[in-house]
Amino acid sequence: MYRLLGLFFVVIAVMAFLPQETPSEGKRIYAQFITDKNRFHQQVEQLAHYVQVNAPVDSLQETFKRSRQDYKRIEWLLEYFQPFLASHVNGPPIIEVEENEPGQLLIYPTGLQVVEPYLFPTHDTTRKANLLRELNALMSYSSRLEQGIPIDQLTDTSVMEAIRQELFRLLTWGITGYDAPETLTGLSEAVVTLRSLQQTFQPYTEKLPKSIATQLAKRWSETIRSLEQASDFNSFDRVMFIRERLYPLCRSIQQARQALTISASTTGRFLSPMVATLSDSGAFRAGYLINFGQFVSTPQKVALGKVLFFDPLLSGNNARSCASCHQPERAFSDGRVKSRAFSGRKPVIRNAPTLINAGLQNVQFYDSRVFYLEDQVHDVLNNTHEMHTSPEEVVQKLSGSSQYKKMFAEAFPAGLTAANIRNALASYIRSLTGLSARPDRYLRGDDVALSADELLGYNLFLGKARCATCHFFPIYNGFVPPHYQKVESEIIGVPRQRKVRNARLDEDPGRFNTYKKDRYRFAFKTPTVRNVALTAPYMHNGVYKTLEEVVDFYNRGGGRGIGIQLEEQTLADDPLNLTVVEQKALVAFMRSLTDTTGLTQRPNQLPIVDSNHTLNRRRIGGTY
């Protein structure tokens, strides 16, 4: 025993003279987070004090701006590890509804975006008590943000992924004005963000080969300088910034990560962990938006789903197919104000939306009533006014086809079942992804050109016109980046008829029908703007025939701007003040977002239904 005890003390003595382990980058980053978090909290305390003592408006506004800048130093890490906490510090100022509870239980927002309208464009001193309440709520969170950062999980991989996501957040939130709509300080805040990320990355840079480190340092400097030289928010050339500055920086960071042999995140996410930019091919993975593992798409399922999509056997009268209302030539819409109902005597209640990129969102239908494409298929098949059948009835029909039974057996272990019909159709719809329009290829650096009007319109879309604060870059729908966990709905005040004054609100209650929550009355899912050149007419009720009419509606401030008294409108009601030239350019850009390459071909023929020659002639004769 004494020998063992002596040996123990010898080991301890030797260890005391050995070089100690260098603190990991995680410990250094955590320490910096604590310093920056305390700075942010103190700035919020200072703002609350100024409000309490009735400081001059300019002092209040400048202190608020400094608070936002201090938050931007910690946002990258907080958003990665604790997005829930981050949403209470800088989330959108939208009152949410507890959907799974009875009644009208409301969840009120807190944070910087809630405080902002109290101070900008002017400070309303009559609301001092309300402002102090909001600041106290913000301080209760800012005082304990370190609780959300797990120091033991600050690995090199997680740090790299958090930096990558923050660069995407800077692009989709910061420079578009999404999280600072009144102050319009997104460009100066982006400088703070980039400097913070550069500081975090510096110890990694020191380990890189000289050529890679030199190039990376140049990218950081050029990107920051581009923002610092911006004259104002509206005139900033965002397209040039993304193509010539931000994306090259993102690629250099990926190159650095690979040179350091730091593995990419393996967490299953909709946003691929392997891409350097949001415009890279394969950036988004629709296959992750499924509710069961066995629903993953395969080439066999997609091929089967495509045939089913065009087959009238899927309707109650064998006379209409999915393609009747979702025509490939129209980007899978149908060109009608509202699609024909099953009876043919009246229309359905809403306009048929495009199905291209429908898999790049986690809710479906205008009213967001289902989460998965399989459920959407089930709903449409059972809908009395749409396909007027059921998956089980379709199973009976398809069972009469040896060709169909063979295709199902090749695609699914269980063969022909109702669930597999839904999954096959959903797999086909998920395959309808088109993210290589000319603007996409232009940002990648491909040898394509955008006209002067298209470039101006693109910059307006990302900036002055505020389009990208609801139709998020680069999918241009309401799926909020970079976490991609929620699809936003908006209340914009769509009129019953096209009028520019004294308009009347369309009566469709939207999401209210699904959840029976008053806050959702007249709310509709934010659709994609891609392929809009092919999908007229527009809005859920098809009220606008042209894109020019749509732009005019938004330019006037939505429903309120044309005389609709809608208190709950979530769209900003102040006019955009776009000139005629700017409106034309905005339309030109949206028209350039057309990409149906490889998606519009119909099947050459449909499977034969054994011993039913009359039905076969009707189906294969081209009526589908």
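Is N531 buried or exposed? N531 is buried, with a relative accessible area of 1%. Buried means under 20% relative accessible area, exposed over 50%, and partly exposed in between (1.4 Å probe, protein chains only). The model is predicted, so local features need pLDDT of at least 70 and side-chain atom pairs pLDDT 80 or more, while totals for chains, interfaces and linings use all residues. Residues are numbered from 1 along each chain as its sequence is written, and side-chain values use heavy atoms, without hydrogens and water.

N531 has a positive phi, near 65°, and is not a glycine. N531 sits in the loop between β4 (524-525) and α21 (547-555). Helices (H or I, at least four residues) and strands (E, at least two) are DSSP runs, numbered from the N terminus. R466 lies in the loop between α19 (452-462) and β3 (489-490). R466 is partly exposed, with a relative accessible area of 32%.

The loop between α19 and β3 also holds P474. A cis peptide bond joins F473 and P474, with omega about 0°. Another cis peptide bond joins F120 and P121, again with omega about 0°. P121 lies in the loop between α6 and α7.

Helix α7 covers residues 128-142. Its 15 residues should span 21 Å at 1.5 Å a residue, because the expected span is 1.5 Å times one less than the number of residues. The end C-alpha atoms are 21 Å apart, which agrees. Buried residues of α7 include L131, L135 and Y141. The buried residues of α7 pack against α2 (25-52), α5 (83-90) and α6 (112-119); contact means heavy atoms within 4.5 Å.
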